[in-house]
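This report goes through one protein model, strand by strand and then as a whole. Please keep the sequence and the structure at hand while reading.

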Amino acid sequence: MLLLYIQVKVLPPELKNFMDKKISVKMNGNRHVTGVLRGYDTFANICLDNTIDEKGKVELGMVMVRGNSIITMEALEALGDD
């Protein structure tokens, strides 16, 4: 019996260009928020500031969004090559 082990390296999300920019995030459950990206981790969990729930136009303030609930992210301002 031959066992083959494959090591897969998972890279962190490339979100550094989105830092301190306003972004739009669509999530499962038909949720949609916009806010300023303040932080993220290797699981694509994100921290948004000045967050607004676009469906109900409710101000949420600072929120954490789990990476596995994110469907799409879109920059709402120009991204620089910082």
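## The hairpin of β1 and β2

Strands β1 and β2 form a hairpin with 3 residues between them. In the turn, G29 has a positive phi of about 80 degrees. The model is a predicted one, and the values below are computed from it.

β1 covers residues 22-27 and β2 covers residues 31-40. The two strands pair in the antiparallel sense, over 6 bridges.

Y40 stands opposite I46 of β3.

The strands β2 and β3 form a hairpin with 5 residues between them. A44 takes a positive phi there, near 65 degrees.

## D49 in strand β3

Is D49 buried or exposed? D49 is found in strand β3. Its relative accessibility is 19%, and the cut-off for a buried residue is under 20%, so D49 counts as buried.

Leaving out residues up to four places away in sequence, D49 touches G35, V36, R38, G61 and M62.

## Fold and overall dimensions

The protein has 5 strands and 0 helices. Along the sequence the pattern reads β-β-β-β-β.

The radius of gyration of the protein is 16 Å, whereas a compact globule of 82 residues would have one near 12 Å. Taken along the principal axes, the box filled by the C-alpha atoms is roughly 60 × 35 × 15 Å.

## Burial, contacts and surface

How much of the protein is buried? Buried residues account for 28% of the 82 residues, and D49 counts as buried. Of the contacts between residues at least 6 apart in sequence, 38% join residues at least 24 apart.

Among the side chains, 10 are positive and 11 are negative. The centres of these two sets lie 6 Å apart.

Conventions:
Residues are numbered from 1 along each chain as its sequence is written. This is a predicted model: local features need pLDDT of at least 70, side-chain atom pairs count only at pLDDT 80 or more; totals for chains, interfaces and linings use all residues. Side-chain values use heavy atoms; hydrogens and water are left out. Helices (H or I, at least four residues) and strands (E, at least two) are DSSP runs, numbered from the N terminus. The radius of gyration is taken over C-alpha atoms; the globule rule is 2.2 Å times the number of residues to the power 0.38. Buried means under 20% relative accessible area, exposed over 50%, partly exposed in between (1.4 Å probe, protein chains only). Contact means heavy atoms within 4.5 Å. Lys and Arg count as positive and Asp and Glu as negative; His and the chain ends are not counted. The place of a charge is taken as NZ of Lys, CZ of Arg, CG of Asp or CD of Glu. Two strands pair if DSSP finds at least two bridges between them.
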